[in-house]
Each structure stands twice: as structure tokens, then as C-alpha cells.
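Please look over the sequence and the structure below before reading on.

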Amino acid sequence: MAAEPPASLSHRTTGSTCLHPLSQLLGIPLDQVNFVVCQLVALFVAFWFRIYLSPGKTSPEVRHAFATTLGIYFVIFCFGWYSAHLFVLVLVCYGIMVSASISNIPRYSFFVAMGYLTLCHISRIYIFHYGILTTDFSGPLMIVTQKITTLAFQVHDGLGRRAEDLSAKQHRLAIKVKPSFLEYLSYLLNFMSVIAGPCNNYKDYVAFIEGRHIHMKLLEVKWKQTVFHSLPEPSPTGAVVHKLCLTLVSLLLFLTLTKTFPVTCLTDDWFVHKANFLTRLFYLYVVMQASKPKYYFAWTLADAVNNAAGFGFSGVDKDGNFCWDLLSNLNIWKIETATSFKMYLENWNIQTATWLKGVCYERVPWYPTVLTFILSALWHGVYPGYYFTFLTGILVTLAARTVRNNYRHYFLSSRTLKFVYDIATWAVTQLAVSYTVAPFVMLAVEPTISLYKSMYFYLHIISLLIILLLPMRPQAHHTHRQSQPLNSVNKEKTD
């Protein structure tokens with residue numbers, strides 16, 4: 001695991017230092033304070049943006065310009081001169097958008113964006129010692145990379161491919177006219193998503209800016225066939241309040257649970273050499289649970305910011321309630337109650353899963369699973385721990401699928417057996433996820449090997465034995481087959 005920074009450098013940042021006194025008071029690194037303050041400012045500005053710069057009161061150009069200007073300011077405030085990496089990539093890829101042939105736009109944009117992101121990942125590890133002494137600017141760069149490649153492929157779908165060659169979703173999202181420079185900047189750098197995302201589709205974003213977003217989603221679910229004679233104007237306030245409550249709980253858990261059980265506990269001499277196996281198993285689960293609130297906090301707050309601005313409406317659920325989860329990056333309840341590896345991963349980093357499927361899995365002609373796995377790994381970064389997690393995840397996913405296909409049907413004959421099965425699979429899933437994702441937060445090779453040795457590589461061994469000894473039965477067929485993700489990687493192509 002990367003070493004902790006010296007105390008004198010724990011508040012170092014290339015961004016603004018005006019909040020340094022607050023950072024010292026709270027005992028939180030300055031770059032994290034800058035991030036949270038920018039997101040809170042964005043939240044209040046988003047409400048103002050929706051009310052006072054609404055599409056009915058001002059032009060799309062003004063909305064684009066305001067969202068872009070404030071987004072650029074946030075990036076500079078948080079990252080200082082490191083923000084140049086973001087701006088250079090955006091400008092270069094816009095040059096590709098306007099000058100390259102339609103057939104080459106996705107190819108050039110993809111390799112330039114992913115190549116630049118990878119170089120930045122490498123520099124933070126091997127030049128700046130795991131990024132300890134530098135501000136982590138990779139987050140916004142990762143989001144911008146997703147948006148650049150998404151937009152490039154959707155432009156190609158609209159201008160370079162025949163309609164009959166597109167899937168229904170590709171046809172709906174295809175872009176028939178290249179964006180202007182202002183629209184391009186606004187999509188990539190708007191204040192609502194430039195710091196923490198999430199990735200979204202260009203057509204949805206432009207519809208939001210122009211005031212067509214909610215009506216478009218209502219028409220998609222055939223709202224006009226209901227008893228209402230006109231389209232309503234759903235308010236996001238309830239959704240925002242709900243998400244802010246989740247954000248507050250996540251923050252409290254981060255400040256208490258995460259501080260009490262840091263990931264460094266897994267390299268302590270007591271854990272590695274003295275605790276018994278069952279204690280290690282339980283302690284690993286607790287530490288991994290404690291590592292999640294920061295993600296819950298950041299992604300839920302980012303979702304709330306977009307909703308507060310009026311962006312993120314997804315339609316109507318089966319009970320007729322308005323939904324604001326178009327941009328949601330996770331489903332906390334389904335994550336914590338997941339009874340399978342598949343269910344867990346389907347509800348974690350949802351927008352990245354959508355991006356991987358849209359730019360890679362559905363487009364490559366061969367080895368879609370392998371290539372999507374490689375893209376997912378490169379996008380996340382080049383920390384060795386990431387690759388331990390991805391490779392272990394492949395093994396666990398195959399083993400879990402084998403067990404499910406061989407034994408699940410025996411437990412469906414009664415509600416009692418099904419309940420027992422669900423409880424058992426929930427416990428196994430939570431322990432398996434904790435074991436698999438530990439290297440992802442430990443980052444380096446040495447602590448990962450130390451952890452797995454202390455756990456006797458138990459899950460690797462069990463997974464291998466299951467794969468080798470149990471018959472590989474086919475999955476039950478469904479009318480609509482669902483894709484099988486692997487840490488945001490879809491494993492089985494949809495029809």
C-alpha cells in the first residue's frame with residue numbers, strides 16, 4: 001500500500017489554498033475540502049440555475065455559457081495548473097471532432113483521450129509516488145474521457161452509419177449535427193458534472209439545456225396516453241432532499257466508521273500474524289464496508305446537484321411516481337442486500353457500466369468481454385491492485401455462475417428454502433466482494449499479497465475448485481437476456 005503522506009504535506013494541493021484554515025480545523029486534506037465546498041456551491045447554484053436561468057427565461061446559449069464558465073472555475077479552484085491537462089484534452093478532441101472524417105472521429109477521439117488519461121495515470125504512480133504528494137486530478141479527467149468518447153461514437157452513429165445498422169438505443173442517441181464549440185465545452189465542462197460526474201448522453205444534456213428534457217422522457221413512456229391532458233412539470237425537490245439525506249448519512253459514516261477502520265488496518269501485524277482466520281474474515285468485511293461511504297457520498301451528492309438543476313429525470317415507475325435516477329451511479333439498498341456478485345456489480349458505478357457497454361462491448365466484432373475488461377482496467381488506472389481485483393473478479397464471477405446454475409433450482413420449491421438460500425448467498429456475496437475489492441483500495445502489490453497470504457488465498461482456491469469440479473451447466477434462458485457485468489464489464493452480449 002502506498003505510504004501515508006507526511007503530516008506536513010497532508011494538506012498540499014495545486015488548487016486554491018483559501019480554505020486551508022478550514023482544512024486544518026477539520027483535519028481533512030485541503031483537496032478534499034475544496035472538492036466538497038465546490039460541490040455544495042454547485043448544489044445551491046443548481047437550484048438558482050433551474051429557477052432563474054430556466055429555459056423559459058433565457059436562451060440555451062446563456063445557459064451553456066454560464067454552466068461552462070462556472071465549471072471551468074471549479075476545475076481551476078480545485079486543481080490549479082493541473083486543470084491544464086483537462087483543457088488540453090478537451091481542445092485537442094474538439095479539433096478532432098471538427099477536422100477528422102466522420103469515420104475517424106470515434107477512432108481518433110478514443111485513442112487520444114484514453115492515451116492521454118493513461119499517461120496521466122502512469123505519471124501519478126511512477127513519477128509522483130502513487131500520487132501521494134500531488135492533487136488527484138484523474139477523477140475529472142476520467143469523466144471527461146468518458147464523455148469525449150461517448151460523444152464521438154454517437155456523432156459517428158448519426159452521421160456515418162445507416163439507421164438499420166443501429167440498435168434501438170444507438171438510434172435514439174445518435175447525433176445528426178456536430179455540436180458547436182460552446183455546446184461541446186458545456187457538455188464536457190459544465191459545473192454540475194465536471195468535478196464528480198457522472199457521464200451522461202449528449203442528447204439528454206442538450207435537451208435539458210433547451211428545456212425539452214422532462215417532456216422528452218415523459219413522451220418516451222407514452223405519458224400522453226394517461227388521464228392527463230397536458231404534460232406535467234415534475235419537481236426534483238423531493239428527489240434532491242432524499243439524496244441529500246443519504247449524502248449526510250454517508251458523510252457521517254465516512255467521518256466515523258472510515259476513520260476508525262482505515263484500510264491500513266489490513267497490513268497491521270496483529271491482523272496478518274495474530275488474528276485467527278474467522279476474525280480476519282470479519283475484520284476484512286468491516287474495513288471494506290468502511291471504505292464505501294466516500295463513494296456513496298461523492299456519487300449521491302453529484303446526482304443531487306444534477307437533479308437540483310433539473311437534469312436527471314428518467315420517467316415514471318410502475319406506480320406512476322416520477323423518477324429522477326437517469327444519472328444515478330449506484331443503488332445503495334441493492335448493493336447492501338445483493339445476493340449475487342452480478343447483482344452487486346450491476347448497482348455499482350452504473351454510468352461507467354453504461355459507458356463501457358456503449359463504446360466497447362456493443363461495438364467490437366470479437367472478444368468483447370476481454371476487450372471491455374482491458375478498457376475498464378486502463379480507464380480505472382494502472383495501480384497494480386486494480387488488476388488483482390479485476391482478475392480475481394473474473395474467477396469469482398465464473399465460480400458464482402457455476403454454483404448458481406448447478407444448485408439454485410433446488411431451493412425454489414418453497415419460500416422457506418428460497419429464504420435460506422437468499423440469506424446464505426447474501427453472506428457469501430458480501431464476503432466475496434470484500435475479498436475481491438480489497439486490492440482495489442490497497443493499490444500496491446506488497447500489501448495485496450500480504451493480505452491474500454494471511455487469508456490463505458481461500459477464495460481463489462475455492463473458486464478454482466468449483467470451476468474445475470462442477471459441471472458447466474447452461475444458464476436458464478429468458479425472454480430478455482440480461483448482461484453479466486464484471487466490475488462494470490458486461491460479460492454476455494444482449495440480443
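## A residue at the surface

Is leucine 464 buried, partly exposed or exposed? In this predicted model, leucine 464 has a relative accessible area of 42%, and because buried means under 20% and exposed means over 50%, leucine 464 counts as partly exposed. Leucine 464 belongs to helix H22, which covers residues 458–469, and together with Phe457, Ile461, Leu465, Leu468 and Leu469 it makes a nonpolar surface patch of about 600 Å².

## Confidence along the chain

The average pLDDT of the chain is 88, and 89% of the residues reach a score of at least 70. Among the elements of the chain, the highest mean pLDDT, 98, is that of helix H8 (residues 181–189), while the lowest, 85, is that of helix H10 (residues 213–220). Over residues 1–11 the pLDDT is below 50, and this stretch has 24 contacts in the model beyond near neighbours in sequence. Residues 477–495 also have a pLDDT under 50, and for them the model has 61 contacts beyond four places in sequence.

## Nonpolar cores

The largest nonpolar core is made of 72 residues, and those with the most contacts inside it are Tyr184, Leu189 and Phe191. Leaving aside residues up to four places away in sequence, leucine 189 touches Ala67, Thr68, Gly71, Ile72, Leu86, Phe87, Val90, Val144 and Val194. Another core, of 30 residues, lies apart from the largest one, and among its members are Val263, Leu330, Tyr344 and Leu451.

## Salt bridges

Side chains of opposite charge can pair when their charged atoms come close. The model has twelve salt bridges, one of which joins glutamate 336 and lysine 292, with the closest N and O atoms 2.9 Å apart. Glutamate 336 lies in helix H15 (residues 332–336) and lysine 292 in the loop between helix H13 (277–290) and helix H14 (293–308), so this pair ties together parts that are 44 residues apart in sequence. Glutamate 336 is partly exposed, at 21% relative accessibility, whereas lysine 292 is buried, with a relative accessible area of 6%.

Another salt bridge is formed by lysine 342 and glutamate 346, whose closest N and O atoms are 2.6 Å apart; both residues lie in helix H16 (residues 341–346), four residues apart, which is about one turn of the helix. Glutamate 346 is partly exposed, at a relative accessible area of 30%. Aspartate 165 pairs with arginine 162, with 3.0 Å between the closest N and O atoms; here aspartate 165 is partly exposed at 38%, and arginine 162 counts as exposed at 52%. Asp157, Arg161 and Arg363 are linked in a network of salt bridges.

## Backbone features

Most residues other than glycine have a negative phi, and most peptide bonds are trans. Glycine 197 and proline 198, however, are joined by a cis peptide bond, with an omega of about 5 degrees, and proline 198 lies in the loop between H8 and helix H9 (202–209).

Asparagine 349, which is not a glycine, has a positive phi of about 55 degrees; it is found in the loop between H16 and helix H17 (350–361), and at 7% relative accessibility it counts as buried. Leucine 443 likewise has a positive phi, near 75 degrees, and its place is in the loop between helix H20 (415–442) and helix H21 (445–454). Leucine 443 has a relative accessibility of 19% and therefore counts as buried, since the cut-off for a buried residue is under 20%.

How values were computed. Residues numbered from 1 in each chain as written. Predicted model: local features only at pLDDT ≥ 70, side-chain atom pairs only at ≥ 80, totals over all residues. Heavy atoms only, no water. Patch = residues over 30% accessible without salt bridge, like charges linked within 9 Å, V, L, I, M, F, W, Y side chains within 5 Å. Areas by Shrake-Rupley, 256 points an atom, 1.4 Å probe, with all protein chains shown as cover. Salt bridge = Lys/Arg side-chain N within 4 Å of Asp/Glu carboxyl O. Helix = DSSP H or I, 4+ residues; strand = E, 2+ residues; numbered from the N terminus. Buried < 20%, exposed > 50% of the residue type's maximum accessible area, 1.4 Å probe, protein only. Core = buried A, V, L, I, M, F, W, Y, C linked by side-chain atoms within 4.5 Å. Contact = heavy atoms within 4.5 Å. pLDDT = per-residue confidence, 0-100.
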